[in-house]
Amino acid sequence: MQSGGRQAEAPGRGPRVLVVGGGIAGLGAAQRLCRHPAFSHLRVLEATARAGGRIRSEHSFGGVVEVGAHWIHGPSQGNPVFQLAAKYGLLGERALSEENQLIETGGHVGLPSVSYASSGVSVSLELVAEMASLFYSLIDQTREFLQATETTPPSVGEYLKEKIRQHTASWTEDEETKKLKLAILKNLFNVECCVSGTHSMDLVALAPFGEYTVLPGLDCTFPEGYQGLTDRIVASLPKDVMVFDKPVKTIHWNGSFQEASAPGETFPVLVECEDGDCFPAHHVVVTVPLGFFKKHLDTFFEPPLPTEKVEAIRKIGFGTNNKIFLEFEEPFWEPDCQHIQVVWEDTSPLEDATPELQDAWFKKLVGFWVLPPFQASHVLCGFIAGLESEFMETLSDEDVLRSLTQVLRRVTGLKKMQSSLRLVDCTIEVHDARISFSGGRNPLFQETLGLKPHLLVLNKMDLADLKEQQKIIQHLEREGLKHVVFTNCVKDENVKQIIPMVTELVGSSHRYHRGEHVEYCIMVIGVPNVGKSSLINSLRRQHLRKGKATRVGGEPGITRAVMSRIQVCERPLMFLLDTPGVLAPRIPSVETGLKLALCGTVLDHLVGEETLADYLLYTLNRHQLLGYVQHYGLGEACDDIASVLKRVAVKLRKTQKVKVLTGTGDVNIIQPDYPAAARDFLRAFRSGLLGPVMLDRDLLQGRPAEEP
């Protein structure tokens with residue numbers, strides 16, 4: 001950037017040049033300018049305390065992780081980043097090999113090492129390869145529209161979907177396979193969103209899409225960190241070139257500025273920093289991020305940029321990419337696994353469904369890449385783009401960890417159970433006694449584990465209304481569940497019955513053939529937060545006189561390990577395999593989902609605490625269970641959840657300040673804290689303070705269940 005007219009430069013001194021921004025673009029510009037003898041007066045103004053911008057490597061987990069840029073895409077001689085990295089000796093032998101540089105990838109992401117469906121089953125890699133071949137062939141076709149004056153459809157996403165619809169017409173597989181193929185394609189759309197840095201491929205114009213130059217070479221990484229590249233560039237610059245912690249406020253250009261230290265010399269540009277420092281210059285190279293440009297466009301330049309440049313900056317699109325690092329003490333993946341794909345079976349690129357972000361943000365996650373093993377930990381790196389990525393930034397680390405733990409447990413838990421099945425003599429399925437029938441029996445459990453002897457444990461009996469316990473048992477027997485026991489693992493009620501029942505079940509099974517030394521291996525299964533770990537701890541107290549072996553808690557997601565083998569009895573010698581809770585891939589009805597959520601098998605925020613409180617109030621009133629009236633001193637029953645929560649909030653003195661806009665300005669008012677009241681209402685129900693409840697009473701009385 002310089003003025004329209006040219007001011008004289010001091011003889012023999014050369015022009016003053018400022019580079020704004022110390023990312024890879026700014027550093028590259030500075031390095032090039034420093035090589036030229038005419039530009040000896042150069043400064044780089046960087047807003048932060050470090051150079052490199054979005055190239056950032058950190059020492060974490062006992063190794064180096066890339067917080068920013070990850071790969072060199074197309075590492076070959078035509079790639080300047082590759083050339084610099086090779087020059088500085090930052091790459092491994094394989095990346096530098098001629099063979100690696102000649103590989104043609106077409107700019108496409110490689111196939112996964114393993115693919116998991118959201119139901120917990122493995123997806124055929126042959127099917128994944130077939131869909132990837134289709135998808136990337138269509139991506140290649142989009143490049144044919146380069147320089148086209150007009151395209152129909154106008155976006156890459158619309159073009160891809162139009163072509164996929166044409167292909168689906170010729171698919172001959174069954175409906176489930178067709179849905180799975182579309183779900184795989186949806187995952188590939190999400191991958192392309194990460195590659196293109198966009199929320200949706202519908203936002204990417206078709207005509208210029210082919211401008212991106214694809215270079216040969218298999219993508220490679222920096223063994224010691226990508227930041228080594230920017231560190232070496234900084235080291236190559238004269239010591240006084242970099243100026244850190246200098247955020248720029250305004251660039252004054254097309255003017256005539258003077259400096260006391262250079263009397264008689266004028267400069268066409270003056271760079272004003274946030275701390276008040278000013279730097280006059282003949283030329284300014286601006287390399288700040290596009291997002292910063294868009295946010296500060298009205299104040300960053302004085303006078304404003306020409307209209308055509310302002311419009312160009314406003315119209316250029318960009319999106320949000322995020323990485324998520326998950327650390328494990330032990331890997332659940334195979335040693336040669338490099339890329340884990342996650343396919344959500346209820347998604348399709350041909351459907352424009354837009355679920356609430358809080359309910360489905362994690363479905364935009366394309367999968368995980370396995371980082372090289374570190375000293376004492378194993379790390380996965382997940383990628384997510386778009387609005388879902390931005391929503392994730394609003395969550396706490398604990399919320400993100402909890403959600404992704406559930407995702408991994410959901411997609412891998414059943415596979416691990418299947419692989420351990422040959423070691424298992426019997427399965428114990430644990431349900432919440434309050435939802436004895438709709439308690440989340442996973443059909444995949446029944447298909448996979450159905451050949452083994454089976455015991456159903458209805459836990460938390462102290463919270464359930466069991467006046468009609470015999471009817472419950474008879475109802476379950478009609479469903480083929482002949483061996484049932486009710487327990488309260490907190491107080492060890494009825495827990496002593498389990499070991500003898502399991503021993504008898506295994507001993508009477510014709511599939512059981514053991515030698516003289518008998519050892520029992522029992523698998524404990526069920527949906528999240530029904531008390532599987534509490535059951536194991538109770539059994540240990542009863543039979544081994546030992547304390548806790550597994551962590552327990554009042555929310556889903558406490559059992560983090562996929563498989564844990566724990567001794568619970570000495571005579572007979574018995575071990576239990578504690579498994580993470582796995583929900584059925586499809587919940588049959590909205591009401592069943594609400595019952596599961598009320599019992600804590602789903603995180604409250606995924607449904608909404610006030611929604612759950614409303615359904616709880618409806619259920620209690622419907623069955624004339626009015627313990628909440630006495631507990632909160634309400635005087636009488638009420639069907640209006642807002643009224644109930646207001647009275648609960650007042651009783652608990654739960655209030656919050658709310659800012660209200662008025663004609664005379666903002667006014668802060670105090671109103672009841674409805675979310676806090678809803679949380680207390682749910683907590684009171686779950687802890688039994690509202691009295692025992694049978695949420696499945698309708699099913700027990702033979703009323704038809706809600707249609708799926």
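**Cysteines**

I looked up C278 in this predicted model and found that C278 counts as partly exposed, because its relative accessibility is 40%. I then asked which cysteine sulfur is closest to that of C278. The closest is in C273, at 7.2 Å, which is too far for a bond. A disulfide would need the two sulfur atoms within 2.5 Å. I noted that the structure holds 0 disulfides. I also looked up C337, which counts as buried because its relative accessibility is 8%.

**Overall counts**

I recorded 24 helices and 25 strands for the protein. The protein has 708 residues, of which 49% count as buried. I next considered contacts between residues with a separation of 6 or more; residues 24 or more positions apart account for 72% of these.

**K181**

I located K181 in helix α7. Is K181 buried or exposed? K181 is buried, because its relative accessible area is 1%, against a cut-off of under 20%. Not counting residues up to four places away in sequence, K181 touches L127, E130, M131, W171 and E173.

**A85**

I found A85 in helix α2, which covers residues 80–87. With 0% relative accessibility, A85 counts as buried. I compared sequence and space for the pair A85 and G228: they are 143 residues apart in sequence, and their C-alpha atoms are 8.6 Å apart. I set aside residues up to four places away in sequence and listed what A85 touches: I72, L90, L91, F222 and L229.

**Helix α20 and its partners**

I examined helix α20 (residues 609–622) and helix α22 (residues 641–652), whose axes come within 10 Å and cross at roughly 105 degrees. That angle makes α20 roughly perpendicular to α22, because angles from 65 to 115 degrees are placed in that class. From α20, the contact is made by E610, A613, D614 and L617. From α22, I noted I641, V644 and L645. The residues of this contact divide into 5 nonpolar, no polar and 2 charged.

I then turned to helix α18 (residues 590–598), whose axis comes within 10 Å of that of α20 and crosses it at roughly 100 degrees. The two helices, α18 and α20, are therefore roughly perpendicular to each other. Which residues make this contact? On α18, I listed E591, L594, K595, A597 and L598. On α20, I listed T611, L612, Y615, L616 and R622. By class, the contact of α18 with α20 has 6 nonpolar, 1 polar and 3 charged residues.

Definitions and conventions. Residues numbered from 1 in each chain as written. Predicted model: local features only at pLDDT ≥ 70, side-chain atom pairs only at ≥ 80, totals over all residues. Heavy atoms only, no water. Axes fitted to C-alpha atoms, helices over the stretch in contact; angles between N-to-C directions. Helix = DSSP H or I, 4+ residues; strand = E, 2+ residues; numbered from the N terminus. Parallel < 35°, antiparallel > 145°, perpendicular 65-115°, else oblique. Contact = heavy atoms within 4.5 Å. Nonpolar A, V, L, I, M, F, W, Y, C, P; charged D, E, K, R; others polar. Buried < 20%, exposed > 50% of the residue type's maximum accessible area, 1.4 Å probe, protein only.
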